[in-house]
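Me: I want to know how the labels on this structure were reached. Please set each value against its cut-off.

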Amino acid sequence: MLSVELHTHSSLSYDGRDPVELILEQAEAVGLDAIAVTDHDEIDASLEAVERAPDYGLVGIPGMEISSKAGHVLGLGLEEAVPPGLSFESTLEAIREQDGLAVIPHPFQESRHGVMARISREELAEGDAIEVYNSRLFTGRANRQAERYARSRDLPMTAGSDAHISEMVGQAITRVDADERTADAILEAIADGRTTVEGKRTPWRISVQQFAGGVTRRLGHVFKLFR
């Protein structure tokens, strides 16, 4: 079983803080086997992480967190960026056109761009896998909803730290029963449902720190646009 982190953000995300190097260092330090950097609507840092991951004894999985019209969708196994602003269905299609895997993160956390605010339960089942444990939880209710839903539909399940600072990488991991220690084998195993999930809540002080830092960086980004 491989220990895989499927949901992290680098400084390329508008609300991320740290460069790829620090993310990979943390992943190595906590004993992960593989990691995906999944920045918001950006893929360059993820591709960099894939290239540099072997230097840290890791398998790099290319991906990104895409802002569809319905909410966030993780695209894993991508070679090129999927544009934001597409419909939920078109976003899934664009991921699959690259033979990627569409994982729906925190679907029931509507305040954090979970898709269930804008799609039906039937449409949610069109995802390739459901993130049933996200470390950036408030009460845990949304995670429990996601797990119950995935089990009721017999959908593959994943976990993710949703780390926006490097210290939180590895808070939630997906144990993957892959045939080989490669990105393709890991994604194939996830699609087949050969996973178990483990995780713990991001500490409140870190959640506040991540939120405050994200707000500051968002404002800085907006300020640059209007200069």
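Me: Why is aspartate 99 called exposed?

Reply: Its relative accessible area is 70%. Exposed means over 50%, buried means under 20%, and partly exposed lies in between (1.4 Å probe, protein chains only). Therefore aspartate 99 counts as exposed. Aspartate 99 sits in the loop between helix 3 and strand 5 (101-104). This is a predicted model, where local features need pLDDT of at least 70, side-chain atom pairs count only at pLDDT 80 or more, and totals for chains, interfaces and linings use all residues. Residues are numbered from 1 along each chain as its sequence is written, and side-chain values use heavy atoms, with hydrogens and water left out.

Me: What makes the backbone of aspartate 99 worth a remark?

Reply: Its phi is positive, about 60 degrees, and the residue is not a glycine. Most residues other than glycine have a negative phi. Aspartate 162 also has a positive phi, near 55 degrees.

Me: Where is aspartate 162, and is it buried or exposed?

Reply: Aspartate 162 lies in the loop between strand 7 (157-160) and strand 8 (172-176). Its relative accessible area is 1%, so aspartate 162 is buried.

Me: How do you know that threonine 38 is buried?

Reply: Its relative accessible area is 0%, so the buried label applies. Threonine 38 is in the loop between strand 2 (34-37) and helix 2 (44-52).

Me: What is threonine 38 in contact with, leaving aside neighbours within four places in sequence?

Reply: Contact means heavy atoms within 4.5 Å. The partners of threonine 38 include Leu6, His7, Thr8 and His9. Gly63, Met64, Glu65, Leu74 and Leu76 are also in contact with threonine 38.

Me: Why does leucine 137 count as buried?

Reply: Leucine 137 has 8% relative accessibility, so it counts as buried. Leucine 137 lies in the loop between strand 6 (129-134) and helix 5. Leucine 137 and arginine 201 are 64 residues apart in sequence, yet 6.5 Å apart in space, C-alpha to C-alpha.

Me: What makes a group of charges a patch?

Reply: Each member needs over 30% relative accessible area and no salt bridge, and like charges are joined within 9 Å. A salt bridge is a side-chain nitrogen of Lys or Arg within 4 Å of a carboxyl oxygen of Asp or Glu. Glu89, Glu93, Glu97, Glu123 and Glu126 form a negative one.

Me: Which helix gives the most to each patch?

Reply: Helix 5 (residues 141-153) supplies three residues, the largest share of the positive patch. Helix 3 (residues 88-97) gives the most to the negative patch, also with three residues.

Me: Why is arginine 141 called exposed, and glutamate 123 partly exposed?

Reply: Arginine 141 has 52% relative accessibility, so arginine 141 counts as exposed. Arginine 141 is found in helix 5. Glutamate 123 has a relative accessible area of 32%, so glutamate 123 is partly exposed. Glutamate 123 is in helix 4 (residues 121-124).

Me: How many helices and strands does the protein have?

Reply: Seven helices and nine strands. Helices (H or I, at least four residues) and strands (E, at least two) are DSSP runs, numbered from the N terminus.

Me: What share of the protein is buried?

Reply: Of the 227 residues, 54% count as buried. The accessible surface comes to about 10400 Å², with 48% belonging to carbon and sulfur atoms. Accessible areas come from the Shrake-Rupley method with a 1.4 Å probe.

Notes: Patch = residues over 30% accessible without salt bridge, like charges linked within 9 Å, V, L, I, M, F, W, Y side chains within 5 Å. Lys, Arg positive; Asp, Glu negative; His and termini not counted. Charge placed at Lys NZ, Arg CZ, Asp CG, Glu CD.
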